[in-house]
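Please keep the sequence at hand while reading.

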Amino acid sequence: MVDSAMAPQRARCLLVTGGAGFIGGNFVQHWAERHPHDTLVVLDALTYAGNLATIQPLVDRGAVAFVHGDITDAALVSALLADRAIDTIVHFAAESHVDRSIADPGAFVHTNIVGTLTLLVAARAAWCRDGAWTSGVRFHHVSTDEVFGSLAPNEAPFRETTPYAPNSPYAASKAGADHLVRAWVHTYGLPATISNCSNNYGPYHFPEKLIPLLIVNALHGKPLPVYGDGQQVRDWLYVTDHCRAIDLILDRGEEGRTYTVGGRAEHANLDIVHLVCSLIDARFADDPALTQRYPDCPAARGAPCRSLVSHVTDRAGHDRRYAIDPTRIAAELGFEPTETLATGLSRTVDWYLANEAWWRPVMDGSYRDWISQQYGDRESVS
Ligand SMILES: NC(=O)c1ccc[n+]([C@@H]2O[C@H](COP(=O)([O-])OP(=O)(O)OC[C@H]3O[C@@H](n4cnc5c(N)ncnc54)[C@H](O)[C@@H]3O)[C@@H](O)[C@H]2O)c1
């Protein structure tokens with residue numbers, strides 16, 4: 001008798017939307033390494049947040065097929081599902097920055113809601129005949145804990161049964177997408193799963209988000225902006241742990257089920273700022289070459305990076321606390337994070353120090369110029 005854990009898994013053909021973004025790019029690397037016999041197709045519009053450099057080595061060696069395009073392009077999505085024989089959609093593509101959603105909510109509704117609708121319609125057309133779904137297909141929708149709103153200090157963490165209460169245009173657009181996926185499961189029987197994850201951090205994170213922004217600004221002696229009192233609490237998860245969680249859900253998650261995913265690592269933003277500063281201070285103390293590379297960093301002259309902290313006006317409607325109860329995914333799928341906040345942040349700081357070639361072109365605009373030459377401006381391409 002064959003042990004099911006030893007049985008060879010069937011080869012899958014994945015369409016990863018947003019696979020040039022932060023989590024999507026890490027997921028593509030994770031999947032290519034763990035499942036080398038599967039086929040990976042990335043569909044990404046390369047907005048300001050996408051960075052092809054994250055997956056370029058995999059594209060160059062033929063492990064990933066990259067398609068530049070928009071998830072709201074129904075004809076393109078349908079053609080991809082049919083031509084590439086896609087059996088699994090892992091849907092990361094989104095507008096994801098809360099501040100941008102406050103300034104331009106329409107773009108969030110378009111990509112996050114209309115884009116998800118486009119994928120759902122195409123998936124049903126490709127995978128469902130006369131009400132019967134092709135065996136082995138799966139739609140996994142990657143969502144956020146922000147759909148649940150804000151917690152009071154002593155309130156129980158979010159779990160799968162927590163009512164939705166999105167507060168920002170970003171959270172509302174993700175909530176709308178989640179509800180569409182749920183409706184496709186309920187109405188049409190779509191074999192789908194949803195994960196609502198807490199704040200991710202780690203390599204390949206666009207430097208407008210808190211942790212990479214802190215690292216890059218500190219290295220250049222620029223202010224470290226902290227919203228309000230900095231006491232907003234988030235539950236932090238190292239990005240490769242999130243990728244492992246999605247892998248488990250795709251492998252063993254129950255169709256129609258939602259999983260909340262978190263790191264059991266609640267910390268106030270100001271604590272994160274101080275931790276990152278201490279890590280950079282320590283790296284400079286250990287490695288004199290960093291002083292040559294980043295002479296404007298306070299640590300280069302023996303001063304603490306936390307001297308750069310600058311409290312700025314709080315974000316409108318800023319949620320105070322998010323926290324995840326990961327009991328279901330731990331009990332049903334055996335998921336536990338491998339990184340603590342201390343080990344994950346340490347890895348992250350080291351990654352940014354070792355990979356200036358990834359983030360420098362993003363910061364100085366040369367990456368955008370290159371993308372425009374290759375693909376034209378996003379607005380004119382989609
Ligand atoms: N970052 C987090 O902490 C976090 C936590 C929980 C859930 N999520 C969710 O995970 C997913 C990925 O988040 P991220 O932080 O990697 O985002 P990101 O902004 O880094 O990446 C988004 C990617 O989607 C692409 N994209 C945007 N609009 C597109 C469109 N219309 N068509 C095709 N591609 C498009 C972008 O080019 C980019 O590569 C999102 O759905 C987000 O809501 C993020």
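Helices (H or I, at least four residues) and strands (E, at least two) are DSSP runs numbered from the N terminus, and two strands pair if DSSP finds at least two bridges between them. The model is a predicted one, in which local features need pLDDT of at least 70 and side-chain atom pairs count only at pLDDT 80 or more, while totals for chains, interfaces and linings use all residues. Residues are numbered from 1 along each chain as its sequence is written.

S9 and S11 belong to an open sheet of three strands in the order S9-S11-S13, with mixed pairing. Strands S9 (199-201) and S13 (266-268) stand at the edges with a single partner strand each, so one side of each is left without a neighbour in the sheet. The twist from one strand to the next averages 50°, where angles run from 0 to 180 degrees between N-to-C directions and axes are lines fitted to C-alpha atoms, for helices over the stretch in contact. Helix H8 (residues 239-252) packs on this sheet and touches S9 and S11, its direction making about 75° with that of S11.

## The seven-stranded sheet

A further open sheet has seven strands in the order S3-S2-S1-S4-S7-S8-S12, with parallel pairing. Its edge strands are S3 (64-68) and S12 (258-261), each of which pairs on one side only, and the twist averages 20° from one strand to the next. Strand S8 (residues 192-197) pairs with S12 in the parallel sense over four bridges, and Cys197 stands opposite Val261 in S12.

## Two helix pairs

The axes of helix H3 (residues 74-83) and helix H5 (residues 105-127) come within 9 Å and cross at roughly 40°, and H3 and H5 are therefore oblique to each other. (Angles under 35 degrees count as roughly parallel, over 145 as roughly antiparallel, 65 to 115 as roughly perpendicular and the rest as oblique.) Residues of H3, including Val77 and Leu81, meet residues of H5, among them Leu119 and Val121; two residues are in contact if their C-beta atoms, placed from the backbone, lie within 7 Å. By class, the contact of H3 with H5 has ten nonpolar, two polar and no charged residues, where Ala, Val, Leu, Ile, Met, Phe, Trp, Tyr, Cys and Pro count as nonpolar, Asp, Glu, Lys and Arg as charged, and the others, Gly among them, as polar.

Helix H7 (residues 210-219) and helix H12 (residues 341-354) pack at an angle of about 50°, with their axes 11 Å apart, and that makes H7 oblique to H12. On the H7 side the contact is made by Ile211, Pro212, Ile215 and Val216, and on the H12 side by Thr348, Val349 and Tyr352. By class, this contact of H7 with H12 has six nonpolar, one polar and no charged residues.

## Around the ligand

The ligand is surrounded by 32 residues, of which the closest are Gly18, Gly21, Ala49, Gly50 and Ala94; a residue is near a molecule if its C-beta atom, placed from the backbone, lies within 6 Å of it. Two or more residues of this shell come from each of helix H1 (22-34), strand S2 (39-44), H5, strand S7 (138-144) and S9. The residues of the shell divide into 14 nonpolar, 14 polar and four charged.
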